[in-house]
Amino acid sequence: MQQTITKTDGNILFPIVLSIVAAAATGVLWAYANPIQLVPGVIQWRIFAFLPPLVGILLGWKSGFICGYLGTLVWSLLAGTFIPAHSLIVDGIMVGLTGLVPGLLFDPAKTTFDRMTLIKIAAVCLIVGLVMVVLVSASLAYLGIFPFWWAVGYLGLSDIVPMIIGTPLLVVPALKILKSAHPAGFTRF
């Protein structure tokens, strides 16, 4: 029996598949495409830290969470920094939230991406980034890996700066590309 995909199924499937692909790309880019070493061999400036919030805004809050959470797991496994309690619980969930929160607040179907909206996106990325960095730093300090304030400083530079610059800068061109690639539209996930 041949099974066909209805338009609704395809519309739901598109953001799910794309968020998983984005998660894999995020993890690989974080592991191998960070040329600026803040703490050599340990913390790099994650120039692609904007991917989870960008995916959340474009594809939906669940997609943003998937991108951040799975991207963190892929990165930590490839980079050799996987710590089960930290990576699966604190780091994965908090980075997932950097995709979830912007995705909840900014829906392209209901949002006009003018200058003020782009400033709001940067502000949301700053706030959710600060929360993520503080909790991840607390986890690393609790595990005895890094001192808390040291981790806050370096992780803040590593993640927050690219999120507040990259997300608002790329959301409009990425939305145009996404619309041209999928002109029939899709349901955010």
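Okay, let's start in H3, where Ser63, Gly64, Ile66, Cys67, Gly68, Tyr69, Gly71, Thr72, Leu73, Trp75 and Ser76 are buried (under 20% relative accessible area with a 1.4 Å probe, protein chains only; exposed is over 50%, partly exposed in between). Quick caveat: this is a predicted model, with local features needing pLDDT of at least 70, side-chain atom pairs counting only at pLDDT 80 or more, and totals for chains, interfaces and linings using all residues. Numbering runs from 1 along each chain as its sequence is written, and side-chain values use heavy atoms, leaving out hydrogens and water.

Helix H3 covers residues 61–79, helices here being DSSP runs of H or I, at least four residues, numbered from the N terminus. Its 19 residues reach 26 Å from first C-alpha to last, close to the expected 27 Å, which is 1.5 Å times one less than the number of residues. Just after H3, Gly80 has a positive phi of about 75 degrees.

Next, who lines the second largest pocket? Among them are Leu18, Val21, Leu54, Leu58 and Ile177. Helices H1 (7–32), H2 (51–59) and H6 (148–181) each give two or more residues, and H2 has the largest share, with 5.

Last stop, the surface: Leu126, Ile127, Leu130, Val131, Val134 and Leu135 make a nonpolar patch with about 490 Å² of accessible area together. Patch residues have over 30% relative accessible area and no salt bridge, with nonpolar side chains (Val, Leu, Ile, Met, Phe, Trp, Tyr) joined within 5 Å and like charges within 9 Å; a salt bridge is a Lys or Arg side-chain nitrogen within 4 Å of an Asp or Glu carboxyl oxygen. Leu126 sits in helix H5 (residues 115–142) and counts as partly exposed because its relative accessibility is 35%.

Terms used. Areas by Shrake-Rupley, 256 points an atom, 1.4 Å probe, with all protein chains shown as cover. 1 Å grid on protein atoms, 1.4 Å probe; cavity = no way out; pocket = protein on both sides within 12 Å on 5 of 7 lines; lining within 4 Å.
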